[in-house]
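Have the viewer open and follow along.

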Amino acid sequence: MAEVVIVESAEDAGEIAASLIETLVLRRADAVLGVATGSTPISTYRTLAAKRLDLTRVRAFALDEYVGLEPGHPESYHSVIHREVTLPLGLSPSLVRVPGDSLTRGADATALDSAAEEYEGAIAAAGGIDLQILGIGATGHIGFNEPGSSLASRTRVKTLMHQTRLDNARFFDSLDDVPRHCITQGLGTILEARQLVLLAFGEHKAEAVAGALEGPVSASTPGSVVQLHPHVTAIVDAAAASRLRFADYYRDAWENRPR
Ligand code: F6R
């Protein structure tokens, strides 16, 4: 079972998640982080940046990337990770990877498949991911593993659901500009990280959070795969926790946690 922490705000969640990362990197200067994009982890990255730790030896792997955007496009995850993670945290750019970062625009299906396989190899060569930061989409996706994704899936090309494109249209000029395809770590890849930290804020995430943490484990609810992992911390605000059946128990367990 995941440890579920219900907090007042995204800032409070960021404090807890950043402390988990701090504990890891103080123990291991060359730790391997799995990093998510989107709005949710921003408070974690800001809090971590403010700690001014030496993270130059930390290695990082992004969860996913759009297919079809130039790496220099401001909303490619290559650019987002550079802007919101690599620069503020002071990571070494050569130690930060994004799926498909070796590809050029217009890469064909074979090149995408090879890039996905190469990414899996790079994670394995780094010794695996120590701590994976996860957001969750309204569709229940983690990474860009939309409903129907195999619980054993590896890094591969996926088609984004219409709802996900609508949700992410806020980052683009129009819905038409949101790519239809992505390359994402698989659910099986994510499960191999040694620790998962799942973050979610807002009422619009409540159903996905309840499905992930308390629903049946199912490919129709991709986030539910975290129930198969032995070391998960889910940090959610009250709105995102509003459909959790055992919310009172999680609050009690956190307040009375063994010190
Ligand atoms: C991003 C990712 C996605 C997002 C999810 C939530 O790298 O893998 O799973 O975490 O779509 O996005 P936000 O945080 O923008 O609500």
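## An exposed helix residue

Arg46 is exposed, with a relative accessible area of 62%. Here, exposed means over 50% relative accessible area, buried means under 20%, and partly exposed is in between, using a 1.4 Å probe and protein chains only. Arg46 belongs to helix α2; helices (H or I, at least four residues) and strands (E, at least two) are DSSP runs, numbered from the N terminus. Between the C-alpha atoms of Arg46 and Val85, 39 residues apart along the chain, the separation is 8.8 Å.

Before going further, please keep in mind that this is a predicted model, in which local features need pLDDT of at least 70 and side-chain atom pairs count only at pLDDT 80 or more, while totals for chains, interfaces and linings use all residues. Residues are numbered from 1 along each chain as its sequence is written, and side-chain values use heavy atoms, with hydrogens and water left out.

## Around the ligand

Where does the ligand sit? You will find the ligand in the largest pocket. A pocket is an open set of points on a 1 Å grid over the protein atoms alone, where a 1.4 Å probe fits, with protein on both sides within 12 Å along at least five of seven lines. A molecule sits in a pocket if more than half of its atoms lie within 2 Å of its grid points. The ligand is surrounded by 14 residues, the closest being Thr37, Thr40, Asp64, His141 and Gly143; a residue counts as near if one of its heavy atoms lies within 4 Å of the molecule. By type, this shell has three nonpolar, eight polar and three charged residues. Ala, Val, Leu, Ile, Met, Phe, Trp, Tyr, Cys and Pro count as nonpolar, Asp, Glu, Lys and Arg as charged, and the others, Gly among them, as polar.

Several polar contacts (pairs of N or O atoms within 3.5 Å) are worth a look. Asp64 places a polar side-chain atom 2.6 Å from an oxygen atom of the ligand. For Ser39, a polar backbone atom is 2.9 Å from a ligand oxygen. In Arg170, an N or O atom of the side chain lies 2.9 Å from an oxygen atom of the ligand. Taken alone, the ligand exposes 410 Å², and the protein buries 94% of that; these areas come from the Shrake-Rupley method with a 1.4 Å probe.

## The loop between β6 and β7

His141, one of the closest residues to the ligand, is found in the loop between β6 (131–134) and β7 (156–159). His141 is buried, at 9% relative accessible area. The side chains of His141 and Thr139 are joined by a polar contact of 3.1 Å.

Ala138 is also in the loop between β6 and β7, and is partly exposed at 36%. Its C-alpha atom is 22 Å from that of Tyr250, 112 residues apart along the chain.

## Strands and another loop

Val7 lies in strand β1 (residues 3–7) and is buried, with a relative accessible area of 9%. Lys158, in strand β7, is buried at 18%.

Is Arg52 buried or exposed? With 76% relative accessibility, Arg52 counts as exposed. Arg52 is in the loop between α2 (42–50) and β3 (59–62), and has a positive phi of about 50 degrees although it is not a glycine.

Note on methods:
A polar contact is a pair of N or O atoms within 3.5 Å; within protein, one must be able to donate a hydrogen and the other to accept it, and residues adjacent in sequence count only if both atoms are side-chain atoms. On a 1 Å grid over the protein atoms alone, a cavity is a set of points where a 1.4 Å probe fits but cannot get out, and a pocket is an open set with protein on both sides within 12 Å along at least five of seven lines; lining residues have an atom within 4 Å of a point.
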